[in-house]
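Subject: Structure handover

Hello,

Please find the structure below. My notes on it follow, starting with the overall picture and ending with a few single residues.

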Amino acid sequence: MSFTIAEKVLRAHSSAEEISPGQFIEANIDLIMVHEQLGGRIHLEYEKLGIDYVWDPNKIFFILDHWVPAPTINAARMHQDCIKFAEKYKFVHNMGIDKGICHQVLPELGFSRPGMLIVGSDSHTTTYGAFNCLSTGIGATDVSVVFATGQLWFKVPESIKVNLHGRLNKGVMSKDFILTMIGEISTKGAIYKALEFHGTGSSWLSIDSRMTVANMVVEAGAKFGIFLSDEKLKSWLSQRTNQSYKFVKPDEKAEYEKELNYNLSNIVPVVAKPSNPGNIATIEEVQGEEIDQAFLGSCTNGRMEDLRIAAKILKGKKINPKTKLIITPASKEIYMNAIAEGLIEIFMNAGAVVTHSTCGACIGGHLGVLGPDERCISSTNRNFVGRMGDPTSEVFLASPATVAASALTGKISDPREVL
Amino acid sequence: MGDIEGQIYILGDDINTDDIVPSYILTERDPNEMAKHTLEVIDPNFSQKSTMRSIIVGGSNFGTGSSREEAVNVFKILGIKAIVAKSFSRIYFRNLINNGLAGIECDWEEGTFSDGDKVQISIDKGIIFNKTKDVKLKFKKLPQFLKEILDSGGILNQVKNKLK
Ligand code: SF4
């Protein structure tokens, strides 16, 4: 038998001898990530089970990131419920409120490694696929099942092979690629599927860039978005963990539902217009549209590579005085590195507001909520109605380079012209 | 599982979890209070209307977006008994079944359903009967594995039995 990466990892985590798409299996979970949802529905659901233990307190990664530090009394109470739960069940990996956004911090600390099966109480848990493992988002009830048993049911997905060729041009980022792909296959183009990224194009991509792609596969409906292993990944992991791992390769004769091919050198800057991540337009089609706010941050694009390109664009310049630029590094580690590199100073001199690491504006929670009719260009992953604030506000999704270039002019602008 | 009957409320394609439970109400501690805001960015009167409607009929990619299970729970609180859609997003579908709320995938054509139609759904037979329009529609029956979760009233009931 030949297997895709998804099939291999699921097989290795279940007692099923054979495995094929469509089959239901029970799989053993290596790690579960939980954030504020713990104080939302999870603790309420878990109480229903009436047990006083979790299956393995060492396999739970707990972090507070969406509303930190608490901007409202309700958020503070949610945090209190989370912390109480984490103490009661003796969670070993309790990250508190200061580390940053879950999907950045977990890999940074070496918790996502090749071959693992990871789930999380957040749809963008797919991000860890950049590290050659299977990871996906689940709801509160599923989290409770994992807490109690360490297992979860899965339907073995069909896989789509995405072959990437060529290299991205200057001013074009992996965000432009994944948005282009979602525009083409649509937001339902990969529902229930595993996307496997192959080809020389994917090995050109930095780990930061791969995380952006894996982060957004869920916007096409995918269950997993998995990158193959290579030297780049190996060297990244060597700085992050001393735990052992084994790379997972698909078999040569593995069966795919279909193949998609992209030449990265043909990708141009794009944006997702309101109010759907699949509503893609090229920069030429939308440039000149006025914006009130530009947001650079989130688990999609708040990493060093993102801050560096924005700093390159903003260095020594001032943003449009009518435009608000908000920059939220994805983790404390990134924030501190950006200070050390002098990026934060560049941002502040340009007129940006730099915030601590949190989901913040991405979810319309705090630190950059949009008012009625305001328009924002954002490096995040969702532009649904009301996502970043008032239901009449509008969000355009774009790369960090496009966000920075647009902050300068107050209009959606092509980053290639200022780089 | 017995038949489900009720009046339908129609929704379009790509109804996302932010539409169902907006982020700004996610930190609300009282689920009943949260339920009052269900779908308000699409229809401010939805929670009142839903006392008359117990079945939702949506388009494709229903429930796309975040993993927030609140987006299933508010429908349960409002008395919704089934959601029919052309397709569901993965996490949302799991959340429905895991919570014992029937998620029915049925590729219906324009004109098959209108807002307020009375329908009867047989989960076991895989048939939706639109009584108002006198039309019968077949859908792919749920796999046994999922039907068992539904029949136990949600997966936590199954887990409870397993732990005993
Ligand atoms: S940054 Fe945005 S998308 Fe990422 S986990 Fe936070 S709220 Fe979700």
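Chain A contains 14 helices and 18 strands. Please keep in mind that this is a predicted model. The scores for the model are ipTM 0.96 and pTM 0.97.

Overall form of chain A

The C-alpha trace of chain A extends over about 60 × 50 × 40 Å along its principal axes. Its radius of gyration is 21 Å, which agrees with the value near 22 Å that a compact globule of 419 residues would have. Of the 419 residues in chain A, 64% are buried. Among the contacts in chain A with a separation of 6 or more, 77% are between residues 24 or more positions apart. The accessible surface of chain A is about 14,500 Å², and carbon and sulfur atoms account for 49% of that surface.

Confidence in chain B

For chain B, the average pLDDT is 95, and 100% of the residues reach at least 70. Within chain B, the lowest confidence is in helix H3 (residues 46–49), with a mean of 92. The highest is in strand E3 (residues 82–85) of chain B, at 98.

A sheet in chain A

In chain A there is an open sheet of five strands, in the order E4-E3-E2-E5-E6, with parallel pairing. Strands E4 (93–94) and E6 (134–137) of chain A are at the edges and have a single partner strand each, so one side of each has no neighbour in the sheet. Strand E5 (residues 117–120) of chain A pairs with E6(A) in the parallel sense, over four bridges. Within that pairing, A:Val119 has A:Thr136 of E6(A) as its bridge partner.

Helix H5 (residues 140–149) of chain A packs on this sheet. H5(A) touches strand E2 (31–34), strand E3 (60–62) and E5 of chain A, and the direction of H5(A) makes about 135° with that of E2(A).

How many of the 10 residues of H5(A) are buried? Nine of them are, so the helix is largely enclosed by the rest of the structure. The buried residues are A:Ala140, A:Thr141, A:Asp142, A:Val143, A:Ser144, A:Val145, A:Val146, A:Phe147 and A:Ala148. Just after H5(A) comes A:Gly150, with a positive phi of about 75°.

Two single residues

B:Asn73 is located in helix H4 (residues 70–77) of chain B. Is B:Asn73 buried or exposed? Its relative accessibility is 15%, so B:Asn73 counts as buried, the cut-off being under 20%. Apart from its neighbours within four places in sequence, B:Asn73 is in contact with A:Arg41 and B:Pro31.

A:Thr200 belongs to helix H7 (residues 200–204) of chain A. With a relative accessible area of 51%, A:Thr200 is exposed, because the cut-off for that class is over 50%. Which residues does A:Thr200 contact, once neighbours within four places in sequence are left aside? They are A:Leu164, A:His165 and A:Gly166. For A:Thr200 and A:Gly166, the separation is 34 residues in sequence and 7.0 Å in space, taken from C-alpha to C-alpha.

Regards

Terms used. Residues are numbered from 1 along each chain as its sequence is written. Chains are lettered from A and ligands numbered from 1 in the order in which they are written. This is a predicted model: local features need pLDDT of at least 70, side-chain atom pairs count only at pLDDT 80 or more; totals for chains, interfaces and linings use all residues. Side-chain values use heavy atoms; hydrogens and water are left out. Two strands pair if DSSP finds at least two bridges between them. Helices (H or I, at least four residues) and strands (E, at least two) are DSSP runs, numbered from the N terminus. Contact means heavy atoms within 4.5 Å. Axes are lines fitted to C-alpha atoms, for helices over the stretch in contact, and angles run from 0 to 180 degrees between N-to-C directions. The radius of gyration is taken over C-alpha atoms; the globule rule is 2.2 Å times the number of residues to the power 0.38. Buried means under 20% relative accessible area, exposed over 50%, partly exposed in between (1.4 Å probe, protein chains only). Accessible areas come from the Shrake-Rupley method with a 1.4 Å probe; for residues, only the protein chains shown count as cover. pLDDT is the predictor's confidence in each residue, from 0 to 100.
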